[in-house]
Amino acid sequence: MSAAIVHIVDDDESFLRSLARLLRVSGYKVRAFKSVDEFLAREDREAPGCVVTDLNMPRRNGFDLQSALASSDNPLPAVFITGQGDIPSSVRAMRAGAEDFLTKRSPKAQLLSAVDRALERDAAERAQRALHSQVRSKLEALTARERQVLDGVVRGLLNKQIGEELGIAERTVKHHRTVLTQKLGVQSAAELALLVRDAGRG
C-alpha cells in the first residue's frame, strides 16, 4: 500500500505553501492543491490519507469537497482550516463527518493532532472496507442453494423449517450449514447473521 498523503486544498497560495512546508517538516507526505477541482482531478485517487481544506474558496468550497469525498470510492477524512470560521459552518462540517474544524490561527499542535486523528481514522475505515469487500466476495462465491440456506439461517429458522421451505431433507440443511461456516469462517448462526449484515446484504 502506498504511503498516506495529507492533501491540502486552499486558494490562498501563500498559506498553502506555508502549511505544506509545516506538514512536510513535521514528517508528513504532502500534496498541495489550489482548488477543489484540481484536487478532484489528482492522479492517485486511491491513496490513503486525509484532506486539510479551506472552507471559503471560489467556485467550489470546502463543503463541496466534503460532499464529493463522501460519495467517492475513497472517502478521505477532512480537516477544515479556515480564516473565517463560524459556529453554523463548524456544526455543518462536523455533522457531515469532518474530523475537526480549525481556524488558521489555531496552534500548530492542534492542527497536527487533527491530522494524526484523520490519518488514523482513514486507516481504520480502509481496513473495515477491505474486510467487507472480502466478506462480499465470499458470499458471492456461494452456490444458489447455499445462499438459500444462509437466508433461512439469517432469518432465524430452524434446520427443519429451512428444509420444509426449500423442499430438502433436514440433514441436507445441516450439511449446507456446515459448509457455510467453513466457507465464511464463522462458528454460529449469530456470526453468520452479523457477517451478512456487515456486508450490506442483511
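A salt bridge is counted here where a side-chain nitrogen of Lys or Arg lies within 4 Å of a carboxyl oxygen of Asp or Glu. The structure is a predicted model, in which local features need pLDDT of at least 70 and side-chain atom pairs count only at pLDDT 80 or more, while totals for chains, interfaces and linings use all residues. Residues are numbered from 1 along each chain as its sequence is written, and side-chain values use heavy atoms, with hydrogens and water left out.

**Salt bridges**

The count by this rule comes to 12 salt bridges. One of them joins the side chains of Arg59 and Asp37, at 3.6 Å from N to O. Arg59 lies in the loop between strand 3 (49-53) and helix 3 (62-70), and Asp37 in helix 2 (residues 36-40), so the pair ties together parts that are 22 residues apart in sequence. Helices (H or I, at least four residues) and strands (E, at least two) are DSSP runs, numbered from the N terminus.

Arg121 takes part in a salt bridge with Glu99 and in another with Glu125. Arg121 and Glu125, by contrast, both lie in helix 5, 4 residues apart, which is about one turn of the helix. Salt bridges with shared partners join Glu99, Asp100, Arg117, Arg121 and Glu125 into one network.

| Salt bridge | N to O distance |
|---|---|
| Arg59 and Asp37 | 3.6 Å |
| Arg121 and Glu99 | 3.0 Å |
| Arg121 and Glu125 | 3.1 Å |

Accessibility is classed as buried (under 20% relative accessible area), exposed (over 50%) or partly exposed (in between), with a 1.4 Å probe and protein chains only. Arg59 counts as exposed at 79% relative accessibility, and Asp37 as partly exposed at 27%. Arg121 is partly exposed at 25%, as is Glu125 at 29%. Glu99 counts as buried at 16%.

**Nonpolar cores**

A nonpolar core is a set of buried Ala, Val, Leu, Ile, Met, Phe, Trp, Tyr and Cys residues joined through side-chain atoms within 4.5 Å. The largest has 20 residues, and those with the most contacts inside it are Val6, Ile8, Leu19, Leu23, Tyr28, Val52 and Val115. Two or more residues each come from strand 1 (5-9), helix 1 (13-25), strand 3, strand 4 (78-82) and helix 5. Helix 5 gives the largest share of this core, 6 residues.

Contact means heavy atoms within 4.5 Å. Leaving aside neighbours within four places in sequence, Val6 is in contact with residues including Leu23, Tyr28, Val52, Val115 and Leu119. A second, separate core of 16 residues includes Leu150, Val186, Leu192 and Val196.

Helix 9 (residues 189-198) has Leu192, Leu195 and Val196 as its buried residues. Seen down the helix axis, these fall within an arc of 95 degrees, so they line one face of helix 9; the arc is that of the directions from the helix axis to the C-beta atoms. The face turned away from the buried side carries the exposed residues Ala190 and Arg197. The buried residues of helix 9 pack against helix 5 (108-140), helix 6 (144-154) and helix 8 (170-184).

Glu146 is found in helix 6 and counts as buried at 6% relative accessibility. Not counting residues up to four places away in sequence, Glu146 touches His176, Val179, Leu180 and Lys183.
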